[in-house]
Amino acid sequence: MKAKKTARKAKRTTTTDALRQALADSYALLAQTHICHWNVRGPGFFALHAAFEEQYTELFTAIDEIAERIRALGELAPGGLGNLAKMAGIAEIAEDSNAEEMVAHLVEVNQKLVKSLVAVRDLAGASGDSQTEDLMIARLQTHEKTIWMLKSFLD
Ligand SMILES: [Fe+2]
């Protein structure tokens with residue numbers, strides 16, 4: 001009985017750790033999407049400039065929800081650009097990248113984030129944390145859709 005209780009507590013801690021990683025990866029994606037919004041050039045400018053804005057705006061709200069879920073679970077949310085970048089460990093796009101390089105880079109960053117979100121979803125699901133699981137499912141739907149749209153641009 002006692003061992004079961006301890007195992008459950010350890011699992012919940014792991015969920016918040018995974019949530020902290022998902023938060024850092026989401027913030028890194030937001031920053032990368034923002035720089036692409038600013039620096040994109042070429043024939044796809046209007047479409048990409050607008051699409052990137054839509055993506056980082058949606059992410060900003062989502063990041064707040066993830067951070068507040070961490071707080072609701074009793075842990076502290078990570079913050080600070082340097083700290084979040086270090087946690088995410090995501091390569092940054094060069095300022096002079098072309099549109100295709102930007103989109104390919106954002107596909108990669110979205111894919112890394114999807115892995116982090118899946119990890120949280122599975123941990124939350126295994127510990128019966130339906131609220132976190134539900135939040136992660138919603139985030140996965142958004143990022144899988146974004147990956148599909150970005151990849152379609154590259155086709
Ligand atoms: Fe703008």
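Select helix 2 (45–72) and helix 5 (130–154): the two cross in a left-handed sense, meaning that the near helix is turned anticlockwise from the far one by less than a right angle. Helices here are DSSP runs of H or I with at least four residues, numbered from the N terminus. The model is predicted, with local features needing pLDDT of at least 70 and side-chain atom pairs counting only at pLDDT 80 or more, while totals for chains, interfaces and linings use all residues. Residues are numbered from 1 along each chain as its sequence is written.

Stay with this pair. The axes, lines fitted to C-alpha atoms over the stretch in contact, come within 11 Å and cross at roughly 160°. That makes helix 2 roughly antiparallel to helix 5, a term for angles over 145 degrees between N-to-C directions. Now show Gln55, Glu58, Ala62, Glu65 and Arg69 in helix 2, which meet Thr132, Leu135, Arg139, Thr142 and Thr146 in helix 5; a contact requires C-beta atoms, placed from the backbone, within 7 Å. The residues of this contact divide into two nonpolar, four polar and four charged. Here Ala, Val, Leu, Ile, Met, Phe, Trp, Tyr, Cys and Pro count as nonpolar, Asp, Glu, Lys and Arg as charged, and the others, Gly among them, as polar.

Helix 4 passes helix 5 in a left-handed crossing, and the contact residues comprise 17 nonpolar, six polar and six charged.

Then select Leu19, Ala22, Leu23, Tyr27, Ala28, Met102 and Val120. Of the 35 residues in the largest nonpolar core, these touch the most other members. Such a core is a set of buried Ala, Val, Leu, Ile, Met, Phe, Trp, Tyr and Cys residues joined through C-beta atoms within 7 Å, where buried means 20 or more other C-beta atoms within 10 Å. Centre on Tyr27: leaving out residues up to four places away in sequence, Tyr27 touches Ile63, Leu84 and Ala88.

Move to Pro43, in the loop between helix 1 and helix 2.

Finally, zoom out. The protein has five helices and zero strands, and its C-alpha atoms fill a box of roughly 65 × 30 × 20 Å along the principal axes.

Technical notes:
Buried ≥ 20, exposed ≤ 12 C-beta atoms within 10 Å, placed from the backbone. Contact = placed C-beta atoms within 7 Å. Axes fitted to C-alpha atoms, helices over the stretch in contact; angles between N-to-C directions. Parallel < 35°, antiparallel > 145°, perpendicular 65-115°, else oblique.
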